[in-house]
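Please read the following report alongside the sequence and the model.

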Amino acid sequence: MGGVDASRWKPRRTKGTVIHKTRNQFAWAVIAAGTTIFAAYYYIGGDDLKQRIRKDFYEKTEEEVDRRNLMRFSLVAPKRGETIRQLLEEERDDQARK
């Protein structure tokens, strides 16, 4: 009995195979292309784009801060959007009465 020829078996892992290298090269190419495209868009976009990015990610409006505080300091389950809007409207009404 000759046994089983194991040289023709498929590998159980991709490490050390050609597809492993190809997969990694493809991943690096996608990351590099994405970074290059974003950098070109960011630097070509100029000051308007930079200001919009800063405004969207760094500056928080008063309503957003209030909404986050309502969710953070609430001891019960998170409130729905309608409830939060209602609480904010009530707070505005209270401030308008004063």
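Helices (H or I, at least four residues) and strands (E, at least two) are taken here as DSSP runs, numbered from the N terminus. Gly81 is found in helix H3. The model is a predicted one, in which local features need pLDDT of at least 70 and side-chain atom pairs count only at pLDDT 80 or more, while totals for chains, interfaces and linings use all residues. Residues are numbered from 1 along each chain as its sequence is written, and side-chain values use heavy atoms, with hydrogens and water left out.

**The chain as a whole**

The protein chain holds three helices and zero strands, and its elements run α-α-α from the N terminus on. Its radius of gyration is 28 Å, well over the 13 Å given by the globule rule for 98 residues, so the chain is more spread out than a compact globule. That radius is taken over C-alpha atoms, and the globule rule is 2.2 Å times the number of residues to the power 0.38. Along the principal axes, the C-alpha trace spans about 95 × 45 × 20 Å.

Of the 98 residues, 5% are buried, where buried means under 20% relative accessible area, exposed over 50%, and partly exposed in between (1.4 Å probe, protein chains only). The accessible surface comes to about 9,800 Å², and 56% of it belongs to carbon and sulfur atoms; such areas come from the Shrake-Rupley method with a 1.4 Å probe, and for residues only the protein chains shown count as cover.

**Helices H2 and H3**

The axes of helix H2 (residues 62-72) and helix H3 (residues 81-97) come within 11 Å and cross at roughly 115°. These axes are lines fitted to C-alpha atoms, for helices over the stretch in contact, with angles that run from 0 to 180 degrees between N-to-C directions. On the H2 side the contact (heavy atoms within 4.5 Å) is made by Glu63, Asp66, Arg67, Leu70 and Met71, and on the H3 side by Ile84, Leu87, Leu88, Glu91 and Arg92.

**Single residues**

Arg92, which is found in helix H3, counts as partly exposed at 41% relative accessibility. Gly81 is likewise partly exposed, with a relative accessible area of 37%. Gln25 lies in helix H1 (residues 18-57), and at 56% relative accessibility Gln25 counts as exposed. The table sets out how far each of these residues lies from a partner elsewhere in the chain.

| Pair | Separation in sequence | C-alpha to C-alpha distance |
|---|---|---|
| Arg92 and Thr36 | 56 residues | 46 Å |
| Gln25 and Asn69 | 44 residues | 45 Å |
| Gly81 and Lys10 | 71 residues | 53 Å |
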